[in-house]
Amino acid sequence: MSDEVVVWLVGDTLRLADNPTLILACEQAAQRGASLVPVVCLEPRRWADQQFGLPRIGPHWTRFRVESICALEADLEARGGSLWIFADEPDRAVSVIQKTHRVMCVVADAPLSTEERLEHAKLESEGFSLLEAESGELFREAQLPFARDELPASFSKFRKLIEKKPALEPRPPLRIPELPDMPVCHQPRPAEWLEVQGLPVPASCEVKTRGGESNAQAHWQAYRDAHALSHYKTTRNAFHGAMNSSHLSAWLAHGCLSPRQVWADVLDYEAEVVANESTYWLRFELLWREYFRWYARVTDWTLFRRTGPENQSIAGDQNATRFRAWREGHTGSDIVDAAMRELSETGWMSNRARQLVASHLIYESNLDWRLGAAWFESQLIDYDVGSNWGNWAYIAGVGADPRGGRIFNLEDQGNRYDPDGTYRARWLNS
Ligand SMILES: Cc1cc2nc3c(=O)[nH]c(=O)nc-3n(C[C@H](O)[C@H](O)[C@H](O)COP(=O)(O)OP(=O)(O)OC[C@H]3O[C@@H](n4cnc5c(N)ncnc54)[C@H](O)[C@@H]3O)c2cc1C
């Protein structure tokens, strides 16, 4: 048996900067005189799983995830370290490490939803000592002005509590810690890896989003340098346009960028350039993300049931023909069909378009809302359990919407946000 190690289970936080989980792992290694083994797991179960006959994970998310892992690996290697990559479940990966190293403890992000919670429980049931840190949210649980099980039932109540004077502020971003010794990984590269590594970004993507921390920072810098942030609120509803919204979602979802970093940079921009409704609005949208993350934690498995966390009755069936027409962009509604084709080809869709296609699936195709959420899960490059299932349940009226669901007039919306029809023409004629 060689040296003692602390295992840092990287999870969905694929970055070095502002990473409390990494900092906790380094502190543990220092206290115990141990080295650090950073571990990434490509869980076969997640790739093999299906829901409603659809794969859980699709090509866009996979490409972005692998790019982000490669970038983290390069960043660790530049610091003399190594990333241990397993095509396995976390408990099995840690057991493999245990064969050659004495595992002192495992450090991971606090679980977001049912799946991560079960993974952690499995590690603990196998006798590993598990420590959790909070890396993915703006606020730590202890900072919130309410107990977890008293999370407000609507976003606006949540936001008002956060913004009540003096407003709650995320703590400033943390520096990259000094990294301890990291044993070199001799694990073979997972075969699945080779299939996706180096795949091109689809030519049709308006923003050539590539995974990784430095790509995230470069994109975010370019967005601010172009002063797109100064008029974000007036452009964010557009269906296309590389600078109309921040396009940060994939980097935030894969943890290449910290939401606290984005928040702090917006405050700097406000101090140095301009503070207006648009700069505030980007932070407002980050609060939506924040709300849905806590909502996913609190509602747990009930978020995925048809009747939602409050067990409300809801119409909608699982008709295969109507579902296929929606997925493939053959509903007959121009704006829905254009957006669904964009999603399949690029893994991306604007927020406004996501709302419209969800409204169509639920209220015009009369389908079970979970089919739509499952399709988004497999297609989105920025899939995030809280934001996806939380938004779908909200629009379906079984989630956190006090108005009981959102029905959009699709023709009006299409003409309003795509007045010259270029977005619809772009995707319908391709
Ligand atoms: C049905 C539906 C499903 C969705 N699924 C996801 C998902 O799986 N992953 C995801 O990241 N977002 C999801 N969203 C939220 C939103 O559409 C995207 O975050 C946004 O379009 C990403 O573009 P952007 O980064 O340019 O956003 P911006 O407008 O620039 O917003 C900045 C950031 O705020 C957050 N944000 C913005 N709007 C929302 C919102 N409505 N809910 C939660 N967070 C928000 C995102 O992290 C985003 O990157 C969904 C929305 C709907 C209506």
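The protein is divided into domain 1 (4-135) and domain 2 (302-428), with bounds that come from an automatic or database domain assignment. This is a predicted model, in which local features need pLDDT of at least 70 and side-chain atom pairs count only at pLDDT 80 or more, while totals for chains, interfaces and linings use all residues. Residues are numbered from 1 along each chain as its sequence is written.

Taken over C-alpha atoms, the centres of domain 1 and domain 2 are separated by 32 Å. Across the boundary, 12 residues of domain 1 are in contact with 14 residues of domain 2, where two residues are in contact if their C-beta atoms, placed from the backbone, lie within 7 Å. On the side of domain 1 that touches domain 2, β4 (54-55) and α3 (59-78) each supply at least two residues, and the largest share, three residues, comes from α3. Helices (H or I, at least four residues) and strands (E, at least two) are DSSP runs, numbered from the N terminus. The residues of this side of domain 1 divide into seven nonpolar, four polar and one charged; here Ala, Val, Leu, Ile, Met, Phe, Trp, Tyr, Cys and Pro count as nonpolar, Asp, Glu, Lys and Arg as charged, and the others, Gly among them, as polar.

The overall fold can be described next. The secondary structure of the protein comes to 19 helices and seven strands. Its radius of gyration is 22 Å, close to the 22 Å that the globule rule gives for 430 residues, so the protein is as compact as a globular protein of that length; the radius is taken over C-alpha atoms, and the rule is 2.2 Å times the number of residues to the power 0.38. Along its principal axes the C-alpha trace spans about 65 × 50 × 45 Å. Residues 24 or more positions apart account for 77% of the contacts with a separation of 6 or more. Of the 430 residues, 44% count as buried, a residue being buried if 20 or more other C-beta atoms lie within 10 Å of its own, exposed if 12 or fewer, and partly exposed in between, with C-beta atoms placed from the backbone.

In soluble globular proteins, nonpolar side chains tend to be buried together. The largest nonpolar core of this model has 105 residues, and those with the most contacts inside it are V7, W8, V39 and A339. Domain 1 and domain 2 both give residues to this core, so it lies between them. Such a core is a set of buried Ala, Val, Leu, Ile, Met, Phe, Trp, Tyr and Cys residues joined through C-beta atoms within 7 Å. Not counting residues up to four places away in sequence, W8 touches T21, L22, A25, L36, V37, P38, V39 and V107.

Helix α17 (residues 385-396) has 12 residues and reaches 16 Å from its first C-alpha to its last, close to the 16 Å expected at 1.5 Å a residue, the expected span being 1.5 Å times one less than the number of residues. In α17, 12 of the 12 residues are buried, so the helix is largely enclosed by the rest of the structure. The buried residues of α17, among them W389, W392 and Y394, pack against α12, α15 (351-364) and α16 (369-379). After α17 comes G397, whose phi is positive, near 85 degrees. Helix α12 (residues 277-299), with 23 residues, reaches 32 Å from its first C-alpha to its last, close to the 33 Å expected, and just after α12, D300 takes a positive phi of about 55 degrees.

Most residues other than glycine have a negative phi, and most peptide bonds are trans. F52, in the loop between β3 (50-51) and β4, is not a glycine and yet has a positive phi of about 50 degrees; F52 is partly exposed, with 15 other C-beta atoms within 10 Å. Phi of N311 is also positive, near 55 degrees, and N311 lies in the loop between α12 and α13 (320-328), where N311 is exposed, with 10 other C-beta atoms within 10 Å. A cis peptide bond, with omega about -10 degrees, joins K165 and P166, and P166 lies in the loop between α6 (155-163) and α7 (191-196).
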